Amino acid sequence: MKKTSKVKYRTDEVMTAYLFLLPALLLALIFIVVPIILAFIYGFTDYYLLKPDERTFIGLDNFIRMLSDDLLIQTFKNTVYFVVLVVPIQLGMALGLALIINKKFRGNTYYRVAYFAPAVLSLVVISILWSVLLNPSSGLINQLLSSLGLPKQPFLTSTSQAMPTLVLISAWSGCGYQMLIFLAGLKNIQPNLYEAAEIDGANTWQKFKHITIPGLRAVSMFLIITTTIQAFKLIVQPMVMTGGGPDYKTMTLLQYIYEYGFRHRNTGYVSAITLVFTIFLVVVSIVFKKVLKEE
Amino acid sequence: MNTKLKRLLFYLLITLLSLLFILPLCWMILSSFKIDETIYKDLGTVYAFIPRFKDLTIRSYQELLNLYHIFKNMFNSLIYASITVVIGLIINSLAGYALAKFKFPFKNLILIFIIALMIVPIEATILPLYLVVNQLKLINTIYGLLLPFLTNVMNIFLFRQYFLAFPNELAEAAKIDGLGHFGLFFKIVFPVSRPIYVTIGIITFLASWNDFLWPVMALSNSDLMPIQVALNAIFSDRYNIFTSHIMAALTLVTIPIIIIYILFQKHIIEGAARSGIK
């Protein structure tokens, strides 16, 4: 055992290895690790960016302040509301589309391209396009509703409809790419499993439940985790479409960090929020991985 | 139910579904070739989605390009994305290669470090990142914009997984030919591995082209603005411009991406599959 554990290094190989690793690791250190350390340090101070010299240690004050910060709590609720709705809706749509495209039928390519089409748009383009489409008075969607004899809707200008609207837009634009990932998962399921099930007289639902679902486990796990984390970091759509409104009903956590940390320069307090938010997301991804693995 | 009717219903359903995804895009592109009066006159009719050639005009594009420097912003984005792709591919693949093929002290520790960084939610730490870049006096420079996102730990990990499966025999043969570690990497490994470079490069390019939050924070100089930030500025200016202008801008920005998707569709599908099934 001792012989194998003692690895012999060759100097040229060691030098080359470190040289190869240096640029990537150095940049990661400066731009990923140092910011986390800074958030940790500043989170315990009353640092205000415009007055850098008056920085004092204030212990846990920032963290206590969060608990009674109504706007922060509101943005947390908004973000959780978005996550809880968008993850099942978007992944459900993606899986449904993947199951359709996975069938063999004439015109398959057209439908694949069509379902994927919104995925080529950037988040900013999607946000602007839908802002125009959903305009309460002159937007296309309300025109269509009126020509169908339905009442016009306020959509993004209503406190109750704004967030659900953002959920649907995000699902609309995001499900195409995830459809591709589900499709790759479906292609990985051995076709002879289905053939065997058919010989045993299984119906479509039974085949789906006992072959497709278990076969997609790894892909689904990956998608649930990444979509959840991604959804917690929602910011572009509310920034462009609603500015967090109406009445802060679409303001998300990351947007709060941007508004009050970056624009209002409340560095110390928002560093503390950053710290809690980062730890929260890390815990969410670790817990999700554990729970989903055990299932 | 007989199979013919069943198939008809299936096609009806998936076609309606497909309209849901493409009609907004059709409307965007079509409206960019109209004047606002026509856009709003057509809204409640099928002509919102079907072109009537006598109504089409490129006026909105001409006016848009006179009012804003869209091409300059697109060119900025192209430069930023290209630099990010080229330097990112080099440094991330070198790191991934070292972790896959070399023996050196602290190798496992560095690998654990990389994997740990993969769970750090990058955008969440955007404020302290801004503080670091500000401290380095790089705000409003192309360095401050690009340096933070060159290292991509996910890509390092993907490269490592790929190079782990890379045959050692090729390396042995190269050594006999008298190539050093660098020669081996750039002359043998890199050319053979071109597909994975293209796949990761395309994904990186699209992410960089679409990036919005960091450029908003890192740049205030409008000469340096990438296209996504410029688009938002145009949209915020909406009381001075027309819907047709906005749609022309959105269409212009989307065209290069559509071309990339057409040219590299195999690589993009491969990238999606690779990210899902590790």
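**Ground rules.** This is a predicted model, so I kept to its limits: local features need pLDDT of at least 70, side-chain atom pairs count only at pLDDT 80 or more, and totals for chains, interfaces and linings use all residues. Residues are numbered from 1 along each chain as its sequence is written, while chains are lettered from A and ligands numbered from 1 in the order in which they are written.

**Chain B overall.** I looked up the secondary structure and found 15 helices and zero strands. Helices here are DSSP runs of H or I with at least four residues, strands are runs of E with at least two, and both are numbered from the N terminus. I then checked the radius of gyration, which is 24 Å for chain B, whereas a compact globule of 278 residues would have one near 19 Å. That radius is taken over C-alpha atoms, and the globule rule is 2.2 Å times the number of residues to the power 0.38. The C-alpha trace of chain B spans about 70 × 65 × 35 Å along its principal axes.

Of the 278 residues in chain B, 41% count as buried. A residue is buried with 20 or more other C-beta atoms within 10 Å of its own, exposed with 12 or fewer, and partly exposed in between, the C-beta atoms being placed from the backbone. For contacts in chain B with a separation of 6 or more, I noted that 75% come from residues 24 or more positions apart. Contact means that the C-beta atoms, placed from the backbone, lie within 7 Å.

**Domains of chain B.** The division is domain 1 (3–57) and domain 2 (67–276), with bounds from an automatic or database domain assignment. The C-alpha centres of domain 1 and domain 2 of chain B lie 35 Å apart. Eight residues of domain 1 of chain B are in contact with seven of domain 2 of chain B. On the domain 1 side, helix 1 and helix 2 of chain B are the elements that give two or more residues, and helix 1 of chain B gives the most, with four. That side divides into four nonpolar, two polar and two charged residues. For these classes, Ala, Val, Leu, Ile, Met, Phe, Trp, Tyr, Cys and Pro count as nonpolar, Asp, Glu, Lys and Arg as charged, and the others, Gly among them, as polar.

**Where the chains meet.** The contact takes 66 residues from chain B and 71 residues from chain A. On the chain B side I found 51 nonpolar, 13 polar and two charged residues.

Which residues touch the most other members of the largest nonpolar core? In this core of 150 residues they are A:Ile128, A:Met179, B:Ala95 and B:Leu231. A nonpolar core is a set of buried Ala, Val, Leu, Ile, Met, Phe, Trp, Tyr and Cys residues joined through C-beta atoms within 7 Å. Leaving out residues up to four places away in sequence, A:Ile128 touches A:Val240, B:Leu231, B:Phe235, B:Ile246 and B:Leu250.

**Helix 7 of chain A.** In this helix (residues 140–147), A:Leu140, A:Asn142 and A:Gln143 are buried. Seen down the axis of helix 7 of chain A, its buried residues fall within an arc of 165°, so they line one face. They pack against helix 6 (123–133) of chain A together with helix 1 (3–32) of chain B.

**Two spots in chain B.** Is B:Asn155 buried or exposed? B:Asn155 is buried, because 22 other C-beta atoms lie within 10 Å. This residue is found in helix 8 (residues 153–164) of chain B. Beyond its neighbours within four places in sequence, B:Asn155 is in contact with B:Gly88, B:Asn92 and B:Ile200.

B:Asp55 lies in the loop between helix 2 (36–42) and helix 3 (59–67) of chain B. With 16 other C-beta atoms within 10 Å, B:Asp55 is partly exposed.

Most residues other than glycine have a negative phi, and most peptide bonds are trans. A cis peptide bond joins A:Gly245 and A:Pro246, with omega about -10°. Phi of A:Asp247 is near 55°, a positive value in a residue other than glycine. A:Asp247 is exposed, with 11 other C-beta atoms within 10 Å.

Notes
Two residues are in contact if their C-beta atoms, placed from the backbone, lie within 7 Å. The arc is that of the directions from the helix axis to the C-beta atoms.
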